[in-house]
Amino acid sequence: MVGHRCSVCGLVAFPPDPYGCQNCGASEDALEEVELEAAGSLRAMATVHRHHQDHPATPFTVGIIELVDGPVIKAIVQGEEASVGSRVEGKLVPTEITDNGTQLVDLYFQVVK
Ligand SMILES: [Zn+2]
């Protein structure tokens, strides 16, 4: 995962923000690319039973994840054992094949045992 770190205030942001720092307002010149670990803890979660698109198939669980590097993101969480406070790690999962045959992947999170 690639994010930005602000050289003025130190904020680490994900996804990268091309316009500048969302915390201190520094310009994009103050942002440096940083590699983020796809791991963190689950802050909250909700199961989606009805969804307006075919993918992902319902039911699925959406989690609010605090990454070990700081940013808080929203992502799909897999695993019946997931609960608030669980340690989770990201994994690229094949999701669907487009009309032209391209395999799409998405970053899902799974509970670390
Ligand atoms: Zn900043």
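This is a predicted model: local features need pLDDT of at least 70, side-chain atom pairs count only at pLDDT 80 or more; totals for chains, interfaces and linings use all residues.
Colleague: Why is E37 called partly exposed?

Modeller: Its relative accessible area is 48%. Buried means under 20%, exposed means over 50%, and partly exposed is in between, with a 1.4 Å probe and protein chains only. The value for E37 falls in the middle class, and therefore E37 is partly exposed.

Colleague: Which residues does E37 contact, leaving aside neighbours within four places in sequence?

Modeller: They are M1, L67, V68 and D69. A contact requires heavy atoms within 4.5 Å.

Colleague: What makes A39 count as buried?

Modeller: A39 has 7% relative accessibility, which is under the limit for buried residues, and so A39 is buried. A39 is placed in strand 4 (residues 39–48). Not counting residues up to four places away in sequence, A39 touches E66, L67, V68, V88, E89 and F109.

Colleague: Is F109 buried or exposed, and how do you know?

Modeller: F109 is buried, because its relative accessibility is 0%. F109 is found in strand 8. F109 and G40 are 69 residues apart in sequence, yet their C-alpha atoms are 9.2 Å apart in space.

Colleague: What makes up the largest nonpolar core?

Modeller: This core has 10 residues: L42, I65, L67, I73, A75, V77, A82, V88, F109 and V111. At least two of its residues come from each of strand 5 (60–67), strand 6 (72–78) and strand 8 (103–111). Strand 6 gives the most, with 3 residues. The term denotes a set of buried Ala, Val, Leu, Ile, Met, Phe, Trp, Tyr and Cys residues joined through side-chain atoms within 4.5 Å. In soluble globular proteins, nonpolar side chains tend to be buried together.

Colleague: Which residues does A82 contact, leaving aside its neighbours within four places in sequence?

Modeller: A82 is in contact with L42, M45, V77 and V111. Another core, of 5 residues, lies apart from the largest one, and its members include C21, A26, A30 and L31.

Colleague: How do you know which atoms are donors of the zinc ion?

Modeller: Donors are N, O and S atoms within 2.8 Å of the metal (3.2 Å for Na, K and Ca); water is not among the atoms, so sites may look incomplete. The SG atoms of C6, C9, C21 and C24 lie 2.3 Å from the zinc ion, a distance within the limit, and therefore they count as donors. Their spacing along the chain is C-x2-C-x11-C-x2-C.

Colleague: Why is the arrangement around the zinc ion called tetrahedral?

Modeller: The 4 donor atoms subtend angles of 105 to 115°. Four donors count as tetrahedral if all angles lie between 85 and 135 degrees; four count as square planar and six as octahedral if opposite donors are over 155 degrees apart and all others between 65 and 115, and anything else is irregular. The angles at the zinc ion fall inside the tetrahedral range, and so the arrangement receives that name.

Colleague: Why do C21 and C24 fall into their accessibility classes?

Modeller: C21 is buried because its relative accessibility is 9%, whereas C24, at 37%, is partly exposed.

Colleague: How many helices and strands does the chain have, and how is it divided into domains?

Modeller: The chain has 0 helices and 8 strands. An automatic or database domain assignment sets the bounds of domain 1 (2–35) and domain 2 (39–111). Their centres, taken over C-alpha atoms, are separated by 24 Å. Of the 113 residues in the chain, 28% are buried.

Notes:
Residues are numbered from 1 along each chain as its sequence is written. Side-chain values use heavy atoms; hydrogens and water are left out. Helices (H or I, at least four residues) and strands (E, at least two) are DSSP runs, numbered from the N terminus.
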